[in-house]
Amino acid sequence: MQHGEGRIAGAADIGGTNTRVGLIREDGKIVRIEKFPTPVSGNAEDIPLAIARALMDIAGDIPLAGLGIAAAGPLNIREGILDHPPNIPFDFVPIVAPLKEATNLPVIFQNDCRAAVLGEVCAGGARGYETVVYITISTGIGGGICTNGKVITGRGGNAGEIGHFPVDTTYNLTCTCGLSGHWEGYASGRGIPFFFREWCTAHDLPCIYSTTPEILRFSATDPRYAGFRDALAQVNGRGLSSVIVAYDPDCIILDGTVIQRNPDLLDQALVYTDRYLDLPPCIFSPLNGDAPLIGAAMAVFHPKMI
Ligand SMILES: [Zn+2]
């Protein structure tokens, strides 16, 4: 296989539905990507073994510098396991030990949002910035922070769980974590339908839309529901304000299907974003949803950054 110049790492991004694997060059360029359904019906060990098989298949005789693995938190990077993952029906999924044993390669394991910020800093929209916050607004809301060439990991690899910043005390929606008032519970792809329903009840309007794409599309054009857009903008503005005062970033990278497909959500949120600290540039990720996968590989080439 032609793969150009430079070293190549294997990478995987483990999702609840699909796992994506890829070969990534040191400069962040993708050599090849494949995906397969995450095996959730047998044993937990099937997941790392399927990753090892898929990566060895696509690598063929290409020598790999190592493997970088990203998965949604919470995870335990010290033990190299997924610990009660929210979207995979196993209590624990061993990752690092079985992958090392199956491939004889070094394995670096990270939370997907921490991997994504590394991908943006090394090969995406955040090149050249010193303190960077990556925010994904997708099914959930997550974040990754990199400052002076180092990703903030925290005790267990879970620092930057910005989706659980408190943003509201009026509607008290329950978040996926079980607590109430958190950003993810209102403005994520999963949270928006619940927020919309509560907002409609509070404003005596029929809740005629039920999916996040419908709600976002019609609330942008149906004047009866324009107030929902405003309520959502306030929540997003509070989330962004908290990010800015917590990390004072030079640059914020926005990613995730909800915000990428509805970029007007950013303009609306910025109206409600506090200006206590200067607003940094807010840039949409140029990596087409591949930031976690590319960043997982970058950790192999730049281990001192994590
Ligand atoms: Zn929460």
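Start by selecting Asp248, which sits in the loop between helix 7 (226–247) and strand 12 (251–255). Helices (H or I, at least four residues) and strands (E, at least two) are DSSP runs here, numbered from the N terminus. Although Asp248 is not a glycine, its phi is positive, at about 45°. Most residues other than glycine have a negative phi.

Before moving on, a word about what you have open: this is a predicted model, in which local features need pLDDT of at least 70 and side-chain atom pairs count only at pLDDT 80 or more, while totals for chains, interfaces and linings use all residues. Residues are numbered from 1 along each chain as its sequence is written, and side-chain values use heavy atoms, with hydrogens and water left out.

Next, go to Asp204, in the loop between helix 5 (192–202) and helix 6 (212–221). Asp204 is another residue other than glycine with a positive phi, near 55°. With 73% relative accessibility, Asp204 counts as exposed. For that term the cut-offs are: buried under 20% relative accessible area, exposed over 50%, partly exposed in between (1.4 Å probe, protein chains only).

Now follow the chain into helix 6 and select Thr212, Ile215, Leu216 and Ser219, which are buried. Look down the axis of helix 6: these buried residues fall within an arc of 95°, so they line one face of the helix. The arc is that of the directions from the helix axis to the C-beta atoms. Pro213 and Thr221, on the other side of helix 6, are exposed. What do the buried residues of helix 6 pack against? Their partners are helix 5, helix 7, helix 8 (257–261) and helix 9 (264–271), where contact means heavy atoms within 4.5 Å.

Stay in this region for the aromatic rings. The structure holds 10 aromatic pairs. Rings of Phe, Tyr and Trp (its six-membered ring) pair if their centres lie within 6.5 Å; planes under 30 degrees apart count as stacked, over 60 as edge-to-face and the rest as tilted. Select Phe196 and Tyr209: their ring centres are 6.2 Å apart with the planes at 35°, so this pair is tilted. Phe196 lies in helix 5 and Tyr209 in the loop between helix 5 and helix 6, so the pair ties together parts 13 residues apart in sequence. Both Phe196 and Tyr209 are buried.

Tyr225 is in the loop between helix 6 and helix 7, 29 residues from Phe196 in helix 5. Tyr225 counts as buried, at 0% relative accessibility.

Cysteines are the next stop. A disulfide is a pair of cysteine sulfur atoms within 2.5 Å, and by this rule the count comes to zero. Cys200 is in no disulfide, as the nearest cysteine sulfur, that of Cys207, is 4.5 Å away. Cys200 is buried, with a relative accessible area of 1%. For Cys146, the closest cysteine sulfur is in Cys122, 7.4 Å away and too far for a bond.

Finish at the open sheet of three strands in the order 5-6-7, with antiparallel pairing. Two strands pair if DSSP finds at least two bridges between them. Strand 5 (75–76) and strand 7 (92–94) stand at the edges, each with a single partner strand, so one side of each has no neighbour in the sheet. Three bridges join strand 6 (residues 81–83) to strand 7; select Asp83 to find its bridge partner in strand 7, Phe92.
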